[in-house]
Structure formats: C-alpha cells, structure tokens
Amino acid sequence: MQYHYGHPESIHSTKDNLNTMATMTLAICARNAQDIIGTCLESIQQQTVAPDIILVAVDEMSDPTVAVAESYGAQVIASNATGLYEARNAVLDVCTTDYLAFTDADCVLVPEWVQYAKQVLDERDEIAAGTGRHPPIGVKNLAAWLHHMWYVVETQETGETDGIIGGNSYFRTSALKEVGGWLNMPRHSAAEDMYIAGALKEAGHGIWFQEECAAQHNYETSLKGLWKKSVMMGKDIVVMMRCAGWRGKLWYFTLMIPMVLLLFILGIALLPWCLYAGGGLSGAMLLGSFVYFTLKFHNPFTAFPRWIARWVLIWPYTWGILKGLRSPLPESAILSKKD
C-alpha cells in the first residue's frame, strides 16, 4: 500500500499569527542502533522545516551509535539509562526548546513531519502532545503484520485522541515538566507512551492525532522476537499502572484480557464432554471480542485484522500481564509519582 501525504497548509488555524519562533528538539533514544539510525537521521535532514536541535540519547558514550549520529550532525548525550522511561527523562532534563519530539532509530519520517508537528502545537494552545500514523516499511512478513496491527491509535482520523505512539510523538516541553515527565522505572521500556499520555490527560491537556504526521516504521520481523516483545508489553503496562496508582478503565480492561483467555480455554476444554457448552463459551469470547473491536473502530473491516492479531498475541501478552501483577515495583517509580 502506498501512503500519500497532503500539505501542512491544510491544517486550519484559528489564529491570525502563528508562533513561528517556537523551537523544537527532535530526539532519538537509541541503543546499539548504529546499523539503522543513519536512514532515520537522513529523513530528519530532509525535513521541510528543520528541527532546531537533533539529539541522540545513548546509554553510554561507548555505544557505536555515537559515531554515526555525530557524522549526521546530531548532538549526543549519555542517558545512563537502563530503559526507555529513564532515557526519555534524560532527554527532557537537557531540553531547552519550546517543543520536544521523539522518533525511533528504525523510523523514517515523512518530509513534512516536523512542519506538521510544529503547526499542531503552534495553532492549538489546548494541545500538549500529538502523534500520527506509523505505516510499515522494510520487511513485511507475518510477524511485522501482527506487530503493526497492534497499534490502535493510528487507526484514528485527524482530531483529538487519547494516546500517542512512542516513536511518533511531539510535546510542549512545559507540559512534560508540569507532569514530572515519565515515571522513574529502571529496566522498563514499554507503555511509556501510554503513561505520558495518561499523565497529560489527567492534568487537563489535550492530545492530537494528525494523520499526515507519519513516521514510517520497521516492525518486528521475528515471531520469537515479537513473542518476547508482547510479554514485555503486557508486563510493563501492568507495572506502570501499579506504580502510577491507576485503577481506571485501562486497568480493568487489561485485567479482563487474562479472564477472556481463561474462559476461551475453558470452552475448548469442555468440548469433548459438552459440545454445545464448550463451543458456546469459546465462541462467545471470540464473537464478543469482535463486536467490541467493531464498535471501537467503527468499521468491521478495520476491526477484523486487529481482532485476528490480538487473538494471536493474547497468549504472550497475557503471560506478561500475569508477570506484571507479581513483579516487585521499582521504589524509584513510586517515589517519583509521589513527588
């Protein structure tokens, strides 16, 4: 599928004068990304509006990524991070620009990405963060398809939204500092985008989805790698919510996932003894979840592939959720939330 992008001028402003002097740092949190980050940095160099600062954060300066990043003119810092939450905070700590944006080392930004991101924040005072589509590039196989289907936010249309995609996000720096940045969660690297979106929403800020603000993404190509990633995502989202003290809709929705899988397994187990009861129970789980996704996406054709992908990945994701429920919480995260 080919993706076509319009012109940034299509964003309608309610202001007579844009804040054209606002500055932006575009950051990449990377680890051993020396073989892939060059293409990403090239796409940043080709932006129609250049970011004021290109910043690459590595765990330590001995990372081979440093030499590649510097060859493209990027500033490099050592985050001393053990996970993505820490790395994001390290970038926020040194950020001096009005806006702070993130992409991933394996992403390729469309040429107007910075221009769109800046215009959204320039024109909409109520918006503190934004995101956009994450179309696939590179190898396209079953694992990559399943991984791509996991992204829910990018199915939306231009307008206000509830979440962001971590590798395709832009923020008002002041809003990030107002909410204290990301939780201090060492050795955790998933659901950090869900946390910061939730924290900003709790603080009364709006989040925007701009369809054309696309970061093309290389998805996981190994089923084994995707399995591990799904376990990590399930574990980290639960640990994050436990640390943040969140007990809202997302918490109960997440806890429902193991219950749905358990009822599905129970239905399958009952089949040899009672075909109707077993088939009815497992079928109810499948049909009920499809109806839920159809209502969520407002379109059965959009819902169907994502429903399939979730039933494939529900197994490792559930295992991750269960691990997250019994994992010890990092004390630093609890303290950072209290502060």
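Is Glu192 buried or exposed? In the predicted model, Glu192 has a relative accessibility of 5% and therefore counts as buried, the limit being under 20%. Its salt-bridge partner is Arg88, with 3.1 Å between the closest N and O atoms. Arg88 is likewise buried, at a relative accessible area of 2%. The two residues belong to distant parts of the chain, 104 residues apart: Arg88 is in helix α3 (residues 84-94), and Glu192 is in helix α7 (residues 192-202).

The count of salt bridges in the model is four. Another of these joins the side chains of Glu211 and Arg133, at an N to O distance of 2.9 Å. Both residues are in loops, Glu211 between β10 (206-209) and β11 (215-218), Arg133 between β6 (127-131) and β7 (136-137); the pair therefore ties together parts separated by 78 residues in sequence. Glu211 is partly exposed, with 27% relative accessibility, whereas Arg133, at 18%, counts as buried.

A salt bridge is also found between Asp162 and Lys201, where the closest N and O atoms are 3.8 Å apart. Asp162 lies in the loop that runs between β8 (159-161) and β9 (168-172), and Lys201 lies in helix α7, so this contact ties together parts that are 39 residues apart in sequence. Asp162 is exposed, with a relative accessibility of 60%. For Lys201 the value is 34%, which places this residue in the partly exposed class.

Note on methods
Residues numbered from 1 in each chain as written. Predicted model: local features only at pLDDT ≥ 70, side-chain atom pairs only at ≥ 80, totals over all residues. Heavy atoms only, no water. Helix = DSSP H or I, 4+ residues; strand = E, 2+ residues; numbered from the N terminus. Buried < 20%, exposed > 50% of the residue type's maximum accessible area, 1.4 Å probe, protein only.
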